[in-house]
Amino acid sequence: MQISKSVGAKDIPSLVLRTAELGDIEDILHAQLTTFPDDPKNLVEEEFAKAIPGREHRLMVAIYESKFAGYVIVSNRPYRPWSSLDNLIVLPEFSRKGIGRRLLDEALKPLQRRPILRLFVEKNNHRAIGLYRKTGFLHLQTRKGNYENGDDALILYKFLWSTASDPAEQSSSERHAA
Ligand SMILES: CC(C)(COP(=O)(O)OP(=O)(O)OC[C@H]1O[C@@H](n2cnc3c(N)ncnc32)[C@H](O)[C@@H]1OP(=O)(O)O)[C@@H](O)C(=O)NCCC(=O)NCCS
């Protein structure tokens with residue numbers, strides 16, 4: 001198991017980030033169901049279980065004050081130049097503590113061999129878009145009507161060879177690309 005105490009850009013003393021274990025799947029499924037109750041693209045138990053050995057996937061959980069607070073899953077599917085951020089969830093009672101950002105940082109760490117991270121986010125999901133903008137993602141594509149309700153998905157990319165993860169370090173043109 002890989003454990004990471006929260007250190008770095010924003011230290012959160014009560015936070016532990018670690019690779020998921022089978023015993024976490026119930027909490028993960030519950031978090032997914034309460035956050036996205038009607039999403040037909042939600043992952044099922046077997047998919048999370050398959051992600052735990054971690055060759056094609058990285059599934060990390062956040063434990064805050066000994067309680068499950070959220071998770072992130074990144075996939076490295078074959079024949080793609082990018083890794084995909086499939087899901088990032090922080091439970092509402094733990095929101096705005098910096099946990100989402102720390103989970104994202106952890107998910108990015110082993111991506112050096114495939115240094116592009118791609119994700120889809122619903123165009124009105126302002127909380128998530130705020131987080132992704134702050135961590136250096138660029139909005140390069142839009143997929144019209146991607147969701148069941150007809151809403152568009154923004155397709156965001158983060159290029160890991162850029163050292164500018166803070167918007168303050170990015171050029172003005174990058175900042176306004178999304
Ligand atoms: C998006 C999400 C993961 C953020 O988690 P979090 O732990 O609250 O995020 P952080 O505390 O690390 O916040 C990072 C940034 O996200 C944005 N953000 C987070 N919560 C926000 C809120 N309630 N309103 C506006 N912006 C918000 C802000 O830009 C924030 O930076 P700031 O605190 O410096 O202003 C969480 O809200 C979530 O799980 N949402 C539902 C699931 C989801 O939409 N996942 C993304 C799918 S693509």
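S66 is in the loop between β3 and β4 (67-75), and its phi is near 70°, a positive value in a residue other than glycine. Most residues other than glycine have a negative phi.

Before going on, some ground rules. Residues are numbered from 1 along each chain as its sequence is written. What you're looking at is a predicted model, where local features need pLDDT of at least 70, side-chain atom pairs count only at pLDDT 80 or more, and totals for chains, interfaces and linings use all residues.

**Zoom out**

Helices (H or I, at least four residues) and strands (E, at least two) are DSSP runs, numbered from the N terminus. In chain order the elements go β-β-α-α-β-β-β-α-β-α-β-β-α. Of the protein's 178 residues, 26% count as buried.

Now colour by pLDDT, the predictor's confidence in each residue, from 0 to 100. The average is 86, and 83% of the residues score at least 70. Select residues 166-178 next: pLDDT is below 50 there, and the stretch has 13 contacts in the model beyond near neighbours in sequence. A contact means two C-beta atoms, placed from the backbone, within 7 Å. Where pLDDT is low, the predicted coordinates should not be read in detail.

**Strand β3**

Select I63, which is in β3 (residues 57-64). I63 has 18 C-beta neighbours inside 10 Å, so it counts as partly exposed. Leaving aside neighbours within four places in sequence, I63 is in contact with V16, F68 and A69.

Next, select residues 99-108, helix α3. Eight of the 10 residues are buried, so the helix is largely enclosed by the rest of the structure. The buried ones are I99, G100, R102, L103, L104, E106, A107 and L108.

Two of these residues, L103 and A107, also turn up in the largest nonpolar core, which has 34 residues; along with M60, A62, Y71 and V72, they touch the most other members. Such a core is a set of buried Ala, Val, Leu, Ile, Met, Phe, Trp, Tyr and Cys residues joined through C-beta atoms within 7 Å. Which residues does A107 contact, leaving aside neighbours within four places in sequence? R58, M60, V72, V74 and L85.

Of the 20 residues around the ligand (C-beta atom, placed from the backbone, within 6 Å), S95, G100, R101, G130 and L131 come nearest. The elements giving two or more residues to this shell are β5 (83-90), α3, β6 (116-122) and α4 (126-134). Helix α4 gives the most, with six residues.

Last stop: R96, in the loop between β5 and α3. Its phi is near 65°, a positive value in a residue other than glycine. With 9 C-beta neighbours inside 10 Å, R96 counts as exposed.

Methods
Buried ≥ 20, exposed ≤ 12 C-beta atoms within 10 Å, placed from the backbone.
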